[in-house]
Amino acid sequence: MSTDDVVVATRGLTKTYDGVDVVRQLDLRVPRHSIFGFLGPNGAGKTTTMKMLLGLIRPTGGTGTIVGLDIVRDSPDIRARIGYLPQEPRFYEHMTSRETLRFAAGFFFAGPREGIDARVAHMIDLVGLSRVADRPVKSLSGGERQRLGIAQAQIHAPELLILDEPAAALDPLGRRDVLAILERFRETSTVVYSTHILDDVQRVSDTVCILNQGEIAAQGPIGDVLASGSGLVYSVEVEGDVARARDALLGQPWVDEVQTSIRGTAARLRVTVSDADAAESQLQRVLLADDALVVREFGRLTTDLEGIFIDLVEGGRDDD
Ligand SMILES: Nc1ncnc2c1ncn2[C@@H]1O[C@H](COP(=O)(O)OP(=O)(O)OP(=O)(O)O)[C@@H](O)[C@H]1O
């Protein structure tokens, strides 16, 4: 990937508070035009990382660039070129949504008022606030406020949008609306958003980074991250002498574990292997060597992000 294709790149990014690394040695890479899901449990360090990227707090160690600018040296320029939605956006409650967006646009756009008004109207339309645009912000629902926050962050058409938990406080319909809006930005911009809701990431993200206790537990295209967690488990449905089939499998050096669940005359075997190549070439053969055994179904298990997330997060947890 060339540097033009990477919007955020950090190396060894670290933040220490009171001698504790809350973010440790992050090497992040966000591809241009991706919807990058920054996933992690509460306290993982997502907000701290985002604030470092925006120049709102200073890293203790490491370096980073964002849209080609240095995150420490160039932070004023970064804030002009990036849209940011904090976890709890604040507004002037008596202003309407339209006035709020006009006010924000005034910081970025010079030139005739009509230009600003057209941009504001376009953003109101894009985030679906037309019906309520001329009501005071204090009368908006949680979902409407969040959509206003996204419109405000995007008012100057930044090439990168950073959103801290944009959908966390919303009900399923509100979340769906926000995710649909993020999708619309994919063509024109890059979106980095944090969340602890796996389902959201699975729905809209093409790239994901799982952060746990301040460190990256997994990062990459979502398909690769999903494959990394599911590649070594096979599911096989058989009929016949299940115990013999199980023993035959456990006799292979590349088989770690076989779990069996009986379903009438058939059984499902969940086979965990240590060597995917060996499993691909030999697993079926081992089973078919038993003439009395019928193999009804055979395949690699596809796990979802939740399984991987729990494995990574639980696996990385210190025993206390
Ligand atoms: N100013 C600070 N001083 C000391 N510790 C801090 C400070 N800011 C954050 N922390 C700690 O750093 C850790 C990471 O916090 P952060 O807010 O980045 O996590 P997060 O992943 O965004 O969590 P959440 O999903 O709950 O918002 C937490 O343990 C938090 O208490």
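For the residue classes used below, Ala, Val, Leu, Ile, Met, Phe, Trp, Tyr, Cys and Pro count as nonpolar, Asp, Glu, Lys and Arg as charged, and the others, Gly among them, as polar. One caveat before you start clicking: this is a predicted model.

**Stop 1: the ligand.** Select Y17, V22, G40, N42, G43, A44, G45, K46, T47, T48 and H196, and you have the residues that surround the ligand. Colour that shell by class and you'll get three nonpolar, seven polar and one charged residues. Which helix gives the most to this shell? That's helix 1, residues 46-53, with three residues.

Stop 2: Now go to the four strands that run in the order 13-14-12-15, with antiparallel pairing. Strand 13 (255-263) and strand 15 (294-300) are the edges, each pairing on one side only. From one strand to the next, the twist averages 20°.

Zoom in on strand 13 and strand 14 (residues 266-273): eight bridges join this antiparallel pair.

**Stop 3: the whole chain.** Zoom out and show everything: 11 helices and 15 strands. The C-alpha atoms fill a box of roughly 80 × 45 × 40 Å along the principal axes. The radius of gyration is 25 Å, whereas a compact globule of 320 residues would have one near 20 Å. Colour by burial, and buried residues make up 37% of the 320.

Key
Residues numbered from 1 in each chain as written. Predicted model: local features only at pLDDT ≥ 70, side-chain atom pairs only at ≥ 80, totals over all residues. Near = placed C-beta within 6 Å. Helix = DSSP H or I, 4+ residues; strand = E, 2+ residues; numbered from the N terminus. Pairing = 2+ DSSP bridges. Axes fitted to C-alpha atoms, helices over the stretch in contact; angles between N-to-C directions. Rg over C-alpha atoms; globule rule 2.2 N^0.38 Å. Buried ≥ 20, exposed ≤ 12 C-beta atoms within 10 Å, placed from the backbone.
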